[in-house]
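Trainee: I have a structure that is new to me, and I would like to go through it with you step by step. Could we put it on the screen and then take one feature after another?

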Amino acid sequence: MTEPPDASAAAAQPAPGAPTGSTGVPGTPPPAGDAGPGAAASRSVTARATAVGTAVSVALILAIVFGSRLLENFDSALLPYAVATVFLAFGVAYRYTVWVAAPGARRLFKQGWRSFFSMANFRRAPTAVPRMIATYLGFQKFLGARSHARWAAHQLIFWGCILAALITFPLTWGWFTFTSDTGSGPGYEMRVWGYKIIGFDSLNILGWLMFHGLDIAAVLVIPGASYFIWRRMKDRGAITGQRFAYDLVPLIALVVVSVTGLLLTFSSLFLHGGGYEVLAILHMVSVVFTLIYIPFGKFFHIVQRPAAVGMQLFKYTARQDQEVFSCRRCEEPIDTGPYVENLRGTMRDLSLDFDEWAEYCPRCKRVLRGSAYLSQVKKGFK
């Protein structure tokens, strides 16, 4: 059993922060005009992400045109929302491509989806995938272990946003339409891509739910988002690590979108349309801003989360085979053998010459680092 490289081996490497040229000799600057392979790789990733984002945006525009029957069912009043969804599609595709291009994310992404589509895994655990989708994506049980209040608030935001997206996006794209023979109801027909799906009376419970789905979504989102805003103002741990633009702006945007949406309904029902035009503009601006901001804020994890299901399946199937890797020093279990090897591969991809440390538990890593510091850096220190 071998230990990780000691401090004497590390001393042969250039000191952190020391300039290293293309020849690997410390202090030798890179040749003039040569940006190095890192810059070329970055340009390649940027170009690929831009191409993917453009392709996804064009595909969405075509889907809007043909899904609305060549814009016959497209409501021009909703044009700003539709344009925002196109920018959203570009931003999500661009950032997702950049994210997957990173060595660590790329390995986890490949392993996860390989496990997800594996017939061998399906035969061994046929219910694993739907169970993980329900518990990990739908009900996020892992959050309950941290705090029941945070789990409840997260569920309110999650299901409120899902409901709002299922209603808003198809309506914005002209895929859903509500028509009435009389022009003002109470009988309506819901059509999808021009085909009648269901007829309903706007005065009964079904009709009320159909026309107030976004209000229900707003009622769910407001308490959930408000709880997280309150927590980020009161909880010391949350305050320490938060960033205003990344953590607070998305929550504030959700509250503004939800409140202005409810005020539109309030204006229609109780104020005979008073102030409706101003509220409609405020609501539109808040929605457009939120949609465009999603790829660049904390809510991007909504897009990342489905890929984690495959990763959880990867670890779950390895545990089923009892491939648990133990720490090389204390022999306590660390994680599954394939997961540890995947981590070592990522460290090799990043040219980190200490991938052996992945085979040690966090406690033993601290002990070994402390021992090396006392024995090599601070020799004779008491």
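Trainee: Is Asp-247 buried or exposed?

Mentor: This is a predicted model, in which local features need pLDDT of at least 70 and side-chain atom pairs count only at pLDDT 80 or more, while totals for chains, interfaces and linings use all residues. Residues are numbered from 1 along each chain as its sequence is written, and side-chain values use heavy atoms, with hydrogens and water left out. The classes rest on relative accessible area, where buried means under 20%, exposed over 50% and partly exposed in between (1.4 Å probe, protein chains only). Asp-247 has a relative accessibility of 7%, so this residue counts as buried.

Trainee: Which residue forms a salt bridge with Asp-247?

Mentor: A salt bridge here is a side-chain nitrogen of Lys or Arg within 4 Å of a carboxyl oxygen of Asp or Glu. For Asp-247 the closest N and O atoms of the pair are 3.6 Å apart, and the partner is Lys-298.

Trainee: At what angle do helix α10 and helix α12 pack?

Mentor: Contact means heavy atoms within 4.5 Å, and among the residues that meet are Asp-215, Ile-222 and Phe-228 in α10 and Asp-247, Leu-251 and Val-255 in α12. By class, this contact of α10 with α12 has 14 nonpolar, four polar and three charged residues, where Ala, Val, Leu, Ile, Met, Phe, Trp, Tyr, Cys and Pro count as nonpolar, Asp, Glu, Lys and Arg as charged, and the others, Gly among them, as polar. Axes are lines fitted to C-alpha atoms, for helices over the stretch in contact, and angles run from 0 to 180 degrees between N-to-C directions. The axes of α10 (residues 213-234) and α12 (residues 244-270) are 9 Å apart, and the packing angle is about 145°.

Trainee: Which residue forms a salt bridge with Arg-328?

Mentor: Arg-328 sits in the loop between β4 (324-326) and β5 (333-336), and its partner, 31 residues apart, is in the loop between α15 (337-349) and α16 (362-377). Both residues of the pair are buried. The closest N and O atoms are 2.6 Å apart, and the partner is Glu-359.

Trainee: How many residues stand between β4 and β5 in their hairpin?

Mentor: Two strands pair if DSSP finds at least two bridges between them, and β4 and β5 pair in the antiparallel sense over three bridges. One of these bridges has Val-324 and Thr-336 as its partners. In the turn, Glu-331 has a positive phi of about 65°, and the number of residues between the two strands is six.

Trainee: What is the order of the strands in the open sheet?

Mentor: Four bridges join β1 to β2, and six bridges join β2 (residues 187-192) to β3 (residues 195-201). The sheet has three strands with antiparallel pairing, in the order β1-β2-β3. Because β1 (176-179) and β3 each have a single partner strand, one side of each is left without a neighbour in the sheet, and the strands at the edges are β1 and β3.

Trainee: Which residue in β2 is the bridge partner of Thr-177?

Mentor: The residue in question forms a salt bridge with Glu-189, the closest N and O atoms being 2.9 Å apart. The bridge partner of Thr-177 in β2 is Arg-191.

Trainee: What is the phi of Leu-70?

Mentor: Most residues other than glycine have a negative phi. Leu-70 lies in the loop between α2 and α3, and is exposed, with a relative accessible area of 62%. Its phi is a positive value in a residue other than glycine, near 55°.
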